[in-house]
Amino acid sequence: MKPVSPGECGEKRLDHIAIAVHSIAEALPFYEGLGLKKLEVEIVEEQGVKVAKLDIGNTHIELLEPLSPDTPVGKFLAQKGPGLHHICIGVADIEADLSKLKSSGTKLINETFKIGAGGAKIAFVHPKATGGVLLELSQPSEA
Ligand code: ZN
């Protein structure tokens, strides 16, 4: 597997860190108590998840609550309990990044992007390729 060299993939930023929780209502008071502001709560049917987005400087924390136990986040909670679910890198051209990762033999969960929260184009890279953390790539809908 050929590593993707930095600079080959254009501008990158930390878009968000996502934490799987059983209940947004139960998890939220801690973060609000720290002074983080809840920006929005969105249901993303395709991912089977309710997402609470918290503002923190130039990035976000997302609390993920599964809509049912048979969703990806529901299965994660059943196996591992609440905790860090994934980190997300914001990209300018997700199709270019996916094709570079594919051609370098990187283990991907999504070989083509899906539509995620806020209409962003998203795809997940397998933890085996990233040092053990599920990694999301996200291209904002307006980009
Ligand atoms: Zn995410």
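**A zinc site and the sheet around it**

Along the chain, the residues that donate to the zinc ion follow the spacing H-x69-H-x49-E. His86 sits in strand S5 and Glu136 in strand S8 (residues 135-139), so this pair links parts of the chain that are 50 residues apart in sequence. The protein donors are His16 (NE2), His86 (NE2) and Glu136 (OE), at 1.9 to 2.1 Å from the ion. Donors here are N, O and S atoms within 2.8 Å of the metal (3.2 Å for Na, K and Ca), and since water is not among the atoms, sites may look incomplete. His86 is buried at 4% relative accessibility, and Glu136 is buried too, with a relative accessible area of 6%. Buried stands for under 20% relative accessible area, exposed for over 50%, and partly exposed for what lies in between (1.4 Å probe, protein chains only).

A word on the model itself. It is predicted, so local features need pLDDT of at least 70 and side-chain atom pairs count only at pLDDT 80 or more, whereas totals for chains, interfaces and linings use all residues. Residues are numbered from 1 along each chain as its sequence is written, and side-chain values use heavy atoms, with hydrogens and water left out.

Now the sheet. Eight strands make up an open sheet with mixed pairing, in the order S2-S3-S4-S1-S5-S8-S7-S6. Strand S2 (37-44) and strand S6 (114-115) are at the edges with a single partner strand each, so one side of each has no neighbour in the sheet. Helices (H or I, at least four residues) and strands (E, at least two) are DSSP runs numbered from the N terminus, and two strands pair if DSSP finds at least two bridges between them. Strand S1 (residues 12-20) pairs with strand S5 (residues 83-91) in the antiparallel sense over eight bridges, with Leu14 opposite Ile89. S1 also runs parallel to strand S4 (residues 59-66), joined by five bridges, and here Ile19 stands opposite Leu63. Further along, strand S7 (residues 121-125) and S8 are antiparallel and share five bridges; Ala123 has Leu137 of S8 as its bridge partner.

Helix H1 (residues 24-33) packs on this sheet, touching S1, S2, strand S3 (49-56) and S4, and its direction makes about 160° with that of S4. Contact means heavy atoms within 4.5 Å; axes are lines fitted to C-alpha atoms, for helices over the stretch in contact, with angles from 0 to 180 degrees between N-to-C directions. The buried residues of H1 are Ile24, Ala27, Leu28 and Tyr31. They span an arc of only 105° around the axis, which places them on the same side of H1; the arc is that of the directions from the helix axis to the C-beta atoms. The cover over these buried residues includes S1, S2, S3 and S4. On the other side of H1, Ala25, Glu26, Phe30 and Gly33 are exposed. After H1 comes Gly35, with a positive phi near 100°.

Gln79 is exposed, with a relative accessible area of 66%, whereas Leu77 is buried at 6% relative accessibility. Neighbours within four places in sequence aside, Leu77 is in contact with Ala20, Val21, His22, Pro66 and Pro82. Leu77 and Pro66 are eleven residues apart in sequence, and their C-alpha atoms are 8.6 Å apart.
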